[in-house]
Amino acid sequence: MRRAIVTGASSGIGKAITNRLLVLGYSVIGISRSVAAGDFQGKNFQALQCNLADSNAIIKLCELLKKEDISILVNAAGFGKFEPHEELGVATITQMTSLNLTAPMLLTNATLRSLKQNSGYLININSIEALRASKFAAVYSATKAGLRAFGDALFEETRKSTLSITNINPDMTQSNFYDTLRFDVSDKENEKLLSEDVADAVEHILTMRKGAVVSEYTIRSLQFGIKKKKATK
């Protein structure tokens, strides 16, 4: 049975992708700060709790994963805070960069030999913000654009192997990503994505002919919409 790693597996896009991989018959190692074995049905799921923004924790995790036989790595963990740049604290900037960019590069480094040997798949869940410049999103956009560049460069680097690398750039997706933000996805179905839409894209990537690679997969909502939250006193 081929084995996959999914970060951010406890919620949102990462959880939807984990569920889809289990349905497709993969064994999955799910990584997040709070993931638990009971979050998913079946014996083919393994939970690994780790704060991927903690440099010491991820170094230990990478040493562990180097020993695993991995066929798929999905870098789905991430968070964003959208404020004027001078309003962001040093800790927020550091954590965002660590989780959104440094952690995927380190996890890829730890599993790359195995992924190449297994004709595997590296899938980075980026963001539509990787493709554009938006106000109040300087750090978030930089981390996602950086991850996209990393995936693109690594694709060129590994083309003599049979490793497939894809950057997925989803538009605003209904999930707990927005729980602490001042805005949320729209309530209208045509103005948002669902986590399952991104899981559909992953399934499409995995079921394509191996000789063809979608190196960039951008998913947009049919129409644009956003919901501003009411200010709390």
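Helix H2 passes helix H3 in a right-handed crossing, where right-handed means that the near helix is turned clockwise from the far one by less than a right angle, and left-handed anticlockwise. The model is predicted: local features need pLDDT of at least 70, side-chain atom pairs count only at pLDDT 80 or more, and totals for chains, interfaces and linings use all residues. Residues are numbered from 1 along each chain as its sequence is written, and side-chain values use heavy atoms, with hydrogens and water left out.

H3 spans residues 90–117. H2 covers residues 55–65. Both are DSSP runs (H or I, at least four residues), numbered from the N terminus. Two packed helices are described by the angle between their axes and the distance between the axes. The axes of H2 and H3 come within 8 Å and cross at roughly 25°. Each axis is a line fitted to C-alpha atoms over the stretch in contact, and angles run from 0 to 180 degrees between N-to-C directions. H2 and H3 are therefore roughly parallel to each other (angles under 35 degrees).

Leu64 belongs to H2. This residue is partly exposed, at 38% relative accessible area; the class lies between buried (under 20%) and exposed (over 50%), with a 1.4 Å probe and protein chains only. Thr180 is 116 residues from Leu64 along the chain, and their C-alpha atoms are separated by 32 Å.

The cysteines were examined next. A disulfide is a pair of cysteine sulfur atoms within 2.5 Å. The count by this rule is 0. For Cys50, the closest cysteine sulfur is that of Cys62, at 8.2 Å, too far for a bond. Cys50 counts as buried, at 9% relative accessibility. Cys62 is also buried, at 7%.

Aromatic contacts follow. A pair of aromatic rings is described by the distance of the centres and the angle of the planes. The structure holds 7 aromatic pairs (rings of Phe, Tyr and Trp, the last by its six-membered ring, with centres within 6.5 Å). One of them joins Phe40 and Phe45, at 4.4 Å centre to centre and 45° between the planes. This pair is tilted, as planes under 30 degrees apart count as stacked and over 60 as edge-to-face. Both Phe40 and Phe45 are buried. Phe82, Tyr140, Phe177, Tyr178 and Phe183 form one aromatic cluster.

Lys210 lies over the face of Tyr121, at 3.8 Å from the ring centre. The criterion is NZ of Lys or CZ of Arg within 6 Å of the ring centre and within 35 degrees of the ring normal.

How values were computed: Helices (H or I, at least four residues) and strands (E, at least two) are DSSP runs, numbered from the N terminus. Angles under 35 degrees count as roughly parallel, over 145 as roughly antiparallel, 65 to 115 as roughly perpendicular and the rest as oblique.
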